[in-house]
Amino acid sequence: MADIGERFGYACISAFFGAVLGVACWWLYGLAHSLSYDGPGLDPVLRHWVVWLASGFFLLGFIMGARAGEVLGDLWNAVFHFEFEQTPGASARLVCSLGVMAMLIAAIWFGAPA
């Protein structure tokens, strides 16, 4: 079990990166600069985005410790995937599709009479 100082350190680090995420979300969704979002701005007040995300991740970092970084990383990953309109398994589906096509071509190539 981590002591209170270590948990507070994780909480401060999580709050900092949560605030950075708040600025990014404010710019993307609050000001409607997102590549994938086509509606009006959600909440254009920067303070709301930064304070709520920073305080939420401060609490998460205090409770979860080092594991809060995984949640932050997953959230950043979700924002990037949303912006580039990718599903998390899109690259895996592409590789599987190419593999299936290669097997079909090989089966036709080697199975056809000469």
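## The nonpolar core

A nonpolar core is a set of buried Ala, Val, Leu, Ile, Met, Phe, Trp, Tyr and Cys residues joined through side-chain atoms within 4.5 Å. Buried means under 20% relative accessible area, exposed over 50%, and partly exposed in between, computed with a 1.4 Å probe on protein chains only. The structure described here is a predicted model, in which local features need pLDDT of at least 70 and side-chain atom pairs count only at pLDDT 80 or more, while totals for chains, interfaces and linings use all residues. Residues are numbered from 1 along each chain as its sequence is written, and side-chain values use heavy atoms, with hydrogens and water left out.

The largest nonpolar core consists of eight residues: Leu21, Cys25, Leu28, Tyr29, Trp49, Phe57, Leu72 and Val79. Two or more residues come from each of α1 (4-30), α2 (46-64) and α3 (68-83); helices here are DSSP runs (H or I, at least four residues), numbered from the N terminus. The largest share, four residues, belongs to α1. In soluble globular proteins, nonpolar side chains tend to be buried together.

## Packing of α2 and α3

The axes of α2 and α3 come within 8 Å and cross at roughly 140°. Axes are lines fitted to C-alpha atoms, for helices over the stretch in contact, and angles run from 0 to 180 degrees between N-to-C directions. The arrangement of α2 and α3 is therefore oblique, a term for angles that are not under 35 degrees (roughly parallel), over 145 (roughly antiparallel) or 65 to 115 (roughly perpendicular). On the α2 side the contact is made by Phe57, Leu60, Gly61 and Met64, and on the α3 side by Ala68, Val71, Leu72 and Leu75.

## Ser14 in helix α1

Ser14 is found in helix α1 and is buried, with a relative accessible area of 5%. Not counting residues up to four places away in sequence, Ser14 touches Phe57, Gly61, Ala68 and Leu72.

## Cysteines and the salt bridge

The structure holds zero disulfides (pairs of cysteine sulfur atoms within 2.5 Å). Cys25 counts as buried at 9% relative accessibility, whereas Cys12 counts as partly exposed at 36%.

The count of salt bridges comes to one, where a salt bridge is a side-chain nitrogen of Lys or Arg within 4 Å of a carboxyl oxygen of Asp or Glu. Glu70 forms a salt bridge with Arg67, their closest N and O atoms being 3.2 Å apart. Glu70 is partly exposed, at 43% relative accessibility.

Notes
Contact = heavy atoms within 4.5 Å.
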